[in-house]
Amino acid sequence: MEELLLNMAKGLVDAPDAVSVTVDEPNEENVVVFHLHVAEDDVGRVIGKQGRIAKALRTVMFSTANRKGMRIQVEID
């Protein structure tokens, strides 16, 4: 899951070396939080106009997690 988010984000940005993903342990509600970190200049590229790209990233991640029986949250930092 972490690699999926990492690969999708690297394809969107100008500085793919600056992209990283950290994963938190499941919280009390059994939700795993993925934190996507990108260069400051690339934040707009990852979010997109009106958040469309961010929503698409989250949709793909939620779909993949659902197949694995996981509950996740994706945050762009």
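Visitor: In what order do the elements of the chain run from the N terminus on?

Guide: In this predicted model, the elements follow the order α-β-β-α-α-β, which amounts to three helices and three strands.

Visitor: Why is Asn30 called exposed?

Guide: The relative accessible area of Asn30 is 53%, and the term applies to values over 50%, so Asn30 is called exposed. Asn30 sits in the loop between strand S1 (20-23) and strand S2 (31-37).

Visitor: How do you know that Gln50 is exposed?

Guide: Gln50 has a relative accessible area of 74%, which is to be set against the cut-off of over 50%, and therefore Gln50 is classed as exposed. Its place is the loop between helix H2 (43-47) and helix H3 (52-67).

Visitor: What makes the phi of Asn30 worth a remark?

Guide: Most residues other than glycine have a negative phi. Asn30, although not a glycine, has a positive phi of about 65°, and Gln50, also a residue other than glycine, has a positive phi near 55°.

Visitor: How much of the chain counts as buried?

Guide: Of the 77 residues, 27% count as buried, a term that requires a relative accessible area under 20%.

Technical notes: Residues are numbered from 1 along each chain as its sequence is written. This is a predicted model: local features need pLDDT of at least 70, side-chain atom pairs count only at pLDDT 80 or more; totals for chains, interfaces and linings use all residues. Side-chain values use heavy atoms; hydrogens and water are left out. Helices (H or I, at least four residues) and strands (E, at least two) are DSSP runs, numbered from the N terminus. Buried means under 20% relative accessible area, exposed over 50%, partly exposed in between (1.4 Å probe, protein chains only).
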